[in-house]
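Open the model in your viewer and keep the sequence panel beside it. The stops below run from one side chain out to the whole chain and back.

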Amino acid sequence: HTRFSLGLADVQISTWLAERFQKEQEREQLRMIGLEAIAANGSSVSQQQPGDEEKERKLQYDRLVQDASIVQVCIASLIKSCDKYTHMAENRKAWLENKLRPQWESRDEVKERWGADRWKNNPAPKYTYAKQRAVFERLYKDIERALEALEKDD
């Protein structure tokens, strides 16, 4: 939903900018037509300069355009960063899975060979790979939860 929302915001900003630009052009054309009509009637063109209100509106418009451009850049940057970090997390998850899969298979094979009773009641467990596997499994689960959260928000 987040990526969709950001994309929608980007489209709305672009649409608003295009509409606003078109309205400004139409307003300028109407102003020029009015000035031409005044000049044709012999009135002084210098008396028809835009007032403070129009200057303020133009300044406000320019600020809004600048703000909208900043928001567009931020949205694009956020989407790019999200894609980058998602890709990095997926690569790390695949690496951990490649490390863990042989350990899981080996562990399961020994469990099956020994039987559940002997496996649980081993009098001298070495924990040679269990500690490393536990660290990798914790990282794997953390990455999996993070990716699920990203997918849920996306």
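Is Arg-133 buried or exposed? Select Arg-133: at 12% relative accessibility, Arg-133 counts as buried. Here buried means under 20% relative accessible area, exposed means over 50%, and partly exposed lies in between, with a 1.4 Å probe and protein chains only.

**Ground rules**

This is a predicted model, in which local features need pLDDT of at least 70, side-chain atom pairs count only at pLDDT 80 or more, and totals for chains, interfaces and linings use all residues. Residues are numbered from 1 along each chain as its sequence is written, and side-chain values use heavy atoms, with hydrogens and water left out.

**Whole chain**

Colour by secondary structure. You will find 4 helices and 0 strands. The order along the sequence is α-α-α-α. Helices (H or I, at least four residues) and strands (E, at least two) are DSSP runs, numbered from the N terminus.

Now show the surface. The chain exposes about 12200 Å², and carbon and sulfur atoms supply 54% of that area. Accessible areas come from the Shrake-Rupley method with a 1.4 Å probe; for residues, only the protein chains shown count as cover. Of the 154 residues, 12% count as buried.

Among contacts between residues at least 6 apart in sequence, 84% join residues at least 24 apart.

**Helix α2**

Select residues 52–114, which form α2. Draw a distance between the end C-alpha atoms: they are 90 Å apart, which agrees with the 93 Å that its 63 residues should span at 1.5 Å a residue. The expected span is 1.5 Å times one less than the number of residues.

Next, centre on Leu-100. Here α2 bends by about 30°, and Pro-102 follows within four residues. The bend at a residue is the angle between axes fitted to the seven residues ending there and the seven starting there.

Show the buried side chains of α2, among them Tyr-61, Ala-68, Ile-75, Gln-103 and Val-110. Thr-86 also belongs to α2, and at 17% relative accessibility Thr-86 counts as buried. Beyond four places in sequence, Thr-86 touches Leu-147 and Leu-150.

A salt bridge is a side-chain nitrogen of Lys or Arg within 4 Å of a carboxyl oxygen of Asp or Glu. Asp-62 is partly exposed at 36%, and Lys-58 is partly exposed at 41%.

**After α2**

Step to Gly-115, which follows α2 and has a positive phi, near 95°. Then select α3, residues 116–120, and find Trp-119 in it. Trp-119 counts as partly exposed, at 30% relative accessibility. Leaving aside neighbours within four places, Trp-119 is in contact with Arg-107, Val-110, Lys-111 and Trp-114.

**Helix α4**

Select residues 130–153 for α4. This helix has 24 residues and reaches 34 Å from its first C-alpha to its last, close to the 34 Å expected. Its buried residues are Arg-133, Phe-136, Tyr-140, Ile-143 and Leu-147. What covers them includes α2.

Pick Asp-142 and Arg-145. Their side chains meet in a salt bridge (2.4 Å, N to O). Being 3 residues apart in α4, they are separated by about one helical turn. Asp-142 is partly exposed, at 37%.

Which residues make up the largest nonpolar core? Select Ala-89, Leu-96, Leu-100, Phe-136, Tyr-140, Ile-143 and Leu-147, 7 residues in all. Such a core is a set of buried Ala, Val, Leu, Ile, Met, Phe, Trp, Tyr and Cys residues joined through side-chain atoms within 4.5 Å. Both α2 and α4 supply at least two residues of this core. The most come from α4, with 4 residues.

Return to Leu-100. Beyond four places in sequence, Leu-100 touches Arg-133, Phe-136, Glu-137 and Tyr-140.

Finish with the charges. Glu-137 and Arg-133 meet in a salt bridge (4.0 Å, N to O), and both lie in α4, 4 residues apart.

Key. Contact = heavy atoms within 4.5 Å.
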